[in-house]
Amino acid sequence: MYQNISAPPWTHHCIEDVDRRGSARGTARKNSTCRTGDMASDLSKRGTFIADSHSFLMKYGAQAIHNPYDEKNNPKGIVSMGMAENKLMEDILFERLSQPDMHGMSRDMLYYFKFSGTRDFRVSLANFITERFGTTRSVEPDNVMVVNGCGSALEQVASAVADPGEYLLCPSPYYSMVKFDCNIRGQVDCFDIPLTSQQENGKVRPFQLTLEDVEKAYQDATGQGLVVKGIFLLNPSNPTGDVYSPELLMDILLFAKRHQLHVIADEIYALSVFDSETQFCSVLALPNLPDPDKTHVLWGFSKDFALSGFRCGTIISSNKKLKTFIDNIAYYQCTPVLLQNMMRIMISDKKWLDSTYFPMNRQRMREMFTFVTNELEDLGIKCHPSKAAFFVWANFSPFMSEKTREEEMQLFQKLFAAGVYIIPGTELFCVDPGWFRVLFSLQKPYLQEGLKRLRSVLVRGI
Ligand SMILES: Cc1ncc(COP(=O)(O)O)c(C=O)c1O
């Protein structure tokens with residue numbers, strides 16, 4: 001029963017603490033108390049906890065949105081190479097979304113609809129995912145649920161599979177809103193599977209995830225008496241841009257089955273693989289999923305379709321209980337039907353997808369990834385050989401006197417003061433200080449301005 005679950009987080013810690021310390025967990029967090037801010041609050045404890053919670057990405061992202069660089073209108077504004085958006089496809093998207101077929105309004109669009117996705121949209125999504133993700137079986141429209149973003153999808157699935165105070169294992173570094181999404185209302189925690197740049201134990205790549213890493217984290221967590229309910233996988237990874245092999249995915253799914261764990265695979269960057277030699281494998285493309293009822297895939301329109309403003313994410317799962325869970329709460333987190341209709345038309349236009357959108361997107365991403373990587377390497381900053389997503393994952397430690405979180409944050413603050421926003425890796429729970437996530441999926445002149453400011457701080461100290 002809901003009343004019998006363990007204490008909610010506002011009785012023992014703040015998300016701010018969760019976000020800052022990343023891998024801090026369990027008893028350490030239980031000892032810290034939630035600051036309730038300066039304002040006298042007449043909200044509930046839960047209300048106060050949520051109101052006082054901070055996320056690094058939200059805090060600095062908000063400043064970047066508030067004061068955006070513009071060559072003519074705001075030349076002193078912030079160049080944001082932090083917020084995970086793709087602005088390379090604006091012209092092509094705008095042109096397609098402005099065509100007359102997009103604006104067919106029907107009378108039924110004025111009213112309530114099935115909040116977890118209209119039938120038409122879910123049919124198109126099922127066909128699209130079957131084809132583009134190369135699934136072994138056709139995805140059933142009934143197994144596709146639509147919500148207002150992948151963050152929202154995670155928030156819902158995490159709270160459906162784990163109770164307050166329970167954990168999901170998550171390979172780190174990872175996009176830090178994951179922790180926030182799981183925790184802010186669902187009160188679910190993340191237990192990091194720490195990966196480093198060191199290639200130990202037979203690893204052939206920095207930050208490589210192995211089954212042994214997953215097993216060790218599971219033993220560590222359960223050894224501390226924590227209840228682990230699932231594994232959260234970001235594939236392709238944000239921030240490293242790594243893509244997991246089918247073999248590793250299968251090993252992890254089999255491990256999860258042995259321990260009765262759910263697997264939540266966030267595949268939001270599935271179609272943003274820019275490396276021509278790399279093939280993405282969805283868990284839906286694996287033959288014979290070991291535990292289909294406990295395997296849930298998240299995908300959305302914010303990244304692969306560069307439409308973060310449309311607020312649309314999907315959950316693909318055959319778990320009946322999860323489906324009714326989503327149906328019951330979709331009312332609170334749905335995507336407007338007009339937008340569903342536009343996206344339905346867009347993903348059904350195969351000619352445009354195959355001859356224009358996807359090839360152009362991949363080509364532009366490849367060009368900008370190479371451009372930013374070359375510029376950074378020219379400064380002596382080594383970059384990870386990313387294959388997908390929107391980031392150059394770069395080692396700035398040559399510009400730090402010590403490899404510590406404090407030094408990393410100092411460097412971040414200097415760069416931010418100079419008007420360039422990139423994300424320090426320890427804020428993404430990287431255990432190796434010195435790494436930064438640098439967004440490349442932006443127009444070249446904008447990137448040039450950001451890199452000019454970056455170079456100026458690193459080389460001249462201003
Ligand atoms: C890995 C990952 N998952 C989820 C999200 C959230 O996406 P949405 O805009 O669909 O909520 C992001 C956004 O940066 C992301 O990088």
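This is a predicted model: local features need pLDDT of at least 70, side-chain atom pairs count only at pLDDT 80 or more; totals for chains, interfaces and linings use all residues.
Helix H6, spanning residues 119–132, packs against helix H12, residues 337–348, at an angle of about 30°. The axes of the two helices are 9 Å apart. Since angles under 35 degrees count as roughly parallel, H6 and H12 are therefore roughly parallel to each other. Their crossing is left-handed. On the H6 side the contact is made by Asp120, Phe121, Ser124, Leu125 and Phe128, and on the H12 side by Gln340, Met343, Arg344, Ile347 and Ser348. Five of the residues in this contact are nonpolar, three are polar and two are charged.

The loop between helix H5 (90–97) and H6 contains Ser116. Ser116 has a relative accessible area of 3% and is buried. With neighbours within four places in sequence left aside, the contacts of Ser116 are Arg122, Val144, Met145, Val146, Ile326, Asp327 and Ala330.

Aromatic pairs in the model number 38. In one of them, Tyr60 and Phe416, the ring centres are 4.9 Å apart and the planes stand at 80°, so the pair is edge-to-face. Tyr60 belongs to helix H4 (residues 56–66) and Phe416 to helix H14 (residues 405–417), so this pair ties together parts that are 356 residues apart in sequence. Both Tyr60 and Phe416 are buried. Ring pairs also link a cluster made up of Phe121, Phe128, Phe133, Phe280, Trp299, Phe301, Phe305, Trp352, Tyr357 and Phe358. Among these, Phe121 and Phe128 are also residues of H6 in the contact with H12.

Note on methods: Residues are numbered from 1 along each chain as its sequence is written. Side-chain values use heavy atoms; hydrogens and water are left out. Axes are lines fitted to C-alpha atoms, for helices over the stretch in contact, and angles run from 0 to 180 degrees between N-to-C directions. Helices (H or I, at least four residues) and strands (E, at least two) are DSSP runs, numbered from the N terminus. Angles under 35 degrees count as roughly parallel, over 145 as roughly antiparallel, 65 to 115 as roughly perpendicular and the rest as oblique. A crossing is left-handed if the near helix is turned anticlockwise from the far one by less than a right angle, and right-handed if clockwise. Contact means heavy atoms within 4.5 Å. Ala, Val, Leu, Ile, Met, Phe, Trp, Tyr, Cys and Pro count as nonpolar, Asp, Glu, Lys and Arg as charged, and the others, Gly among them, as polar. Buried means under 20% relative accessible area, exposed over 50%, partly exposed in between (1.4 Å probe, protein chains only). Rings of Phe, Tyr and Trp (its six-membered ring) pair if their centres lie within 6.5 Å; planes under 30 degrees apart count as stacked, over 60 as edge-to-face and the rest as tilted.
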